[in-house]
Amino acid sequence: LQSNGSHQRIQNITTICVFPGGAKNSQHADVHTDLLIPLDSIIERSRKQLSGMSEEAQQLEYTEESARRKWWQERHRIDEDLESLVQLAEQKYFGHRQVSERLIPVGYVECCPGDFSPSDNSSSECSDLARGNLESRFDAAEHDCVHPPKVGDTFDDEVERENVKKLTVSVIKERLNEIGYEGKLSKLRKAELIELLVSIMKDRFSSDTVHRGQDEVIQRSPDHHSMTPSRVGSDPTMCCDHHCTVLILDEHLQRFPFESMPMFDKKAVTRVPSLPFLLASLNEMKSRGLSHELPGVHPHKVKCVIDPECNLTETALNIGPALDAIAKKNDCTWESVIGAKPSLDFMTKSISEQDGLLLYCGHGGGEMVISRKNIEDMMVVSSNHDSLQFQRGCKSAVVLMGCSSGKLQSVNTPRENPSGSFYEILYEPEGIALSYIVAGAPCVVGNLWDVTDRDIDRYCLTLMENFFGDCEDAGSSKQSPSLAKCVADARSACKLRYIVGSAPVCYGIPVVRYR
């Protein structure tokens with residue numbers, strides 16, 4: 001999903017469905033075999049390597065240079081294997097140019113020319129979903145994929161005719177209506193409908209090729225921004241960092257780090273369980289009557305919880321002073337609890353502050369300092385005559401830097417699955433990150449799996465420095481990057497770019513820093 005980020009244009013959202021390639025009715029099995037089984041194997045290798053790796057264990061077991069070298073060699077192999085898997089995901093399932101270009105908001109292409117050149121293979125299929133019969137569109141997407149014409153391309157009548165033949169009559173009629181055909185279709189047989197659609201497609205192909213050639217000439221000119229209108233509702237005064245791709249993944253694919261595919265490198269990407277989660281935050285923003293384009297964070301409303309279990313000594317020593325320095329640059333003093341368990345009152349006030357941010361650096365998702373029940377209880381349901389009124393009390397963005405803090409898992413997911421066999425998920429995946437979103441948090445950052453403390457500390461500081469960097473000049477129209485963009489940018493700070501750098505993901509909408 002691509003949104004232009006403006007609460008005044010909530011309806012201006014493009015929906016893109018990506019269907020995995022492969023034989024008909026076997027797509028799910030292909031994705032499971034190609035991506036999920038290898039991912040589970042890699043994460044399990046990493047988990048076993050990190051199991052029991054406390055600070056004391058490191059000092060006792062890895063005092064010898066040879067032992068440390070062997071440990072790091074395996075660590076780098078895991079990292080390289082995950083890198084290869086992420087690249088395979090893009091090449092095999094997102095390689096089609098149309099899918100790749102549509103999943104990346106246009107603002108990136110216009111603001112960052114030459115930064116992205118997706119591979120051009122045809123193993124993925126896509127379909128724009130407007131109002132209408134979704135079932136027929138899903139069926140059609142298994143066969144149909146319209147390639148955007150390029151200068152020099154030719155239209156192959158026979159190939160296109162064979163593609164159209166695979167569509168149902170209702171889908172063909174729907175396509176004709178969509179492209180503006182005004183003639184009567186009710187008495188036409190399928191063969192006549194096929195020839196009619198192919199003929200119109202050919203005419204449009206020739207027209208689009210000419211127009212594309214003109215666009216390429218304009219885009220190559222030094223001042224092409226002033227010659228072409230903004231696209232996808234993009235605001236020419238808005239920094240391209242505020243464009244965002246939102247992923248809605250099924251119960252199995254949600255554990256895969258699609259955000260780390262090369263096509264999304266340094267691009268703002270968030271994920272939500274379903275579209276209403278996205279619209280809820282935008283509608284709440286609109287109901288407040290604010291002029292801001294996106295929900296955000298005020299630098300003086302940041303709270304921090306560091307090492308509440310008092311067993312991450314290096315994290316407390318490194319993160320605390322660094323955060324103080326970042327706060328000082330913003331002329332702020334951030335309230336922090338370091339090396340001690342914060343009170344429940346501190347936690348509830350921290351996450352209920354409008355335009356605030358809570359940073360947690362400790363084990364897990366912080367369940368030992370505030371439970372999921374405490375968080376979900378902040379959503380109050382009241383009865384008003386014949387309708388129910390919902391008030392979501394969690395107002396702050398949340399950054400959870402603990403192991404598996406962003407992991408969502410179904411209650412019927414098997415504890416172990418050594419055979420890698422496909423299992424049916426009967427209940428929706430859940431986790432503390434989703435609890436925050438349900439309770440009203442506009443944005444939650446968390447890790448999909450377990451990570452090492454030093455590398456994730458390095459990531460965390462880079463994330464905070466980027467998000468709360470030096471304030472822009474008051475007269476500048478360029479705004480600071482969104483939190484989702486900073487999540488992507490900070491990956492490069494990790495020594496292990498994939499097994500650690502790919503773990504953090506962003507749920508919700510891309511909040512910004514308010515001046």
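Residues are numbered from 1 along each chain as its sequence is written, and side-chain values use heavy atoms, with hydrogens and water left out. Because the model is predicted, local features need pLDDT of at least 70 and side-chain atom pairs count only at pLDDT 80 or more, while totals for chains, interfaces and linings use all residues.

The largest nonpolar core holds 98 residues, of which Leu323, Trp334, Leu359 and Tyr436 touch the most other members. Helix α16 (residues 453–467) gives the most to this core, with seven residues. A nonpolar core here is a set of buried Ala, Val, Leu, Ile, Met, Phe, Trp, Tyr and Cys residues joined through side-chain atoms within 4.5 Å. Buried stands for under 20% relative accessible area, exposed for over 50%, and partly exposed for what lies in between (1.4 Å probe, protein chains only). Helices (H or I, at least four residues) and strands (E, at least two) are DSSP runs, numbered from the N terminus. A second, separate core has 14 residues, including Phe155, Leu167, Val171 and Leu185.

With residues up to four places away in sequence not counted, Trp334 touches Pro299, Val302, Cys304, Leu323, Ile326, Ala327, Met464 and Phe468; contact means heavy atoms within 4.5 Å. Tyr436 is one of the buried residues of α15, together with Ile432, Ala433, Leu434, Ser435, Ile437 and Ala439. Helix α15 is largely enclosed by the rest of the structure because seven of its eight residues are buried. Just after α15, Gly440 takes a positive phi of about 125 degrees.

The loop between β13 (397–400) and α15 (432–439) contains Leu426. Leu426 has 57% relative accessibility and therefore counts as exposed. With Val411 and Tyr427, Leu426 forms a nonpolar patch on the surface, and the three have about 350 Å² of accessible area together. Patches are made of residues with over 30% relative accessible area and no salt bridge; like charges are joined within 9 Å, and nonpolar side chains (Val, Leu, Ile, Met, Phe, Trp, Tyr) within 5 Å. The areas come from the Shrake-Rupley method with a 1.4 Å probe, and for residues only the protein chains shown count as cover.

Arg255 is found in another loop, between β5 (244–247) and β6 (269–271). At 16% relative accessibility, Arg255 counts as buried. Beyond four places in sequence, its contacts are Leu36, Leu39, Asp40, Tyr423, Leu448 and Trp449.

The structure holds 21 salt bridges, each a side-chain nitrogen of Lys or Arg within 4 Å of a carboxyl oxygen of Asp or Glu. An α-helix has 3.6 residues a turn, so residues three or four places apart point the same way. In α16, Arg458 and Asp455 lie three residues apart, and the closest N and O atoms of their salt bridge are 2.4 Å apart. Arg458 is partly exposed at 30% relative accessible area, whereas Asp455 is buried at 5%.

Glu376 and Arg372 are four residues apart in helix α14 (residues 372–376) and meet in a salt bridge of 3.5 Å, N to O. In helix α3 (residues 65–93), Glu74 and Arg77 are three residues apart, with 3.1 Å between the closest N and O atoms of their salt bridge. Salt bridges that share partners join Glu74 and Arg77 with Arg45 and Asp81 into one network.
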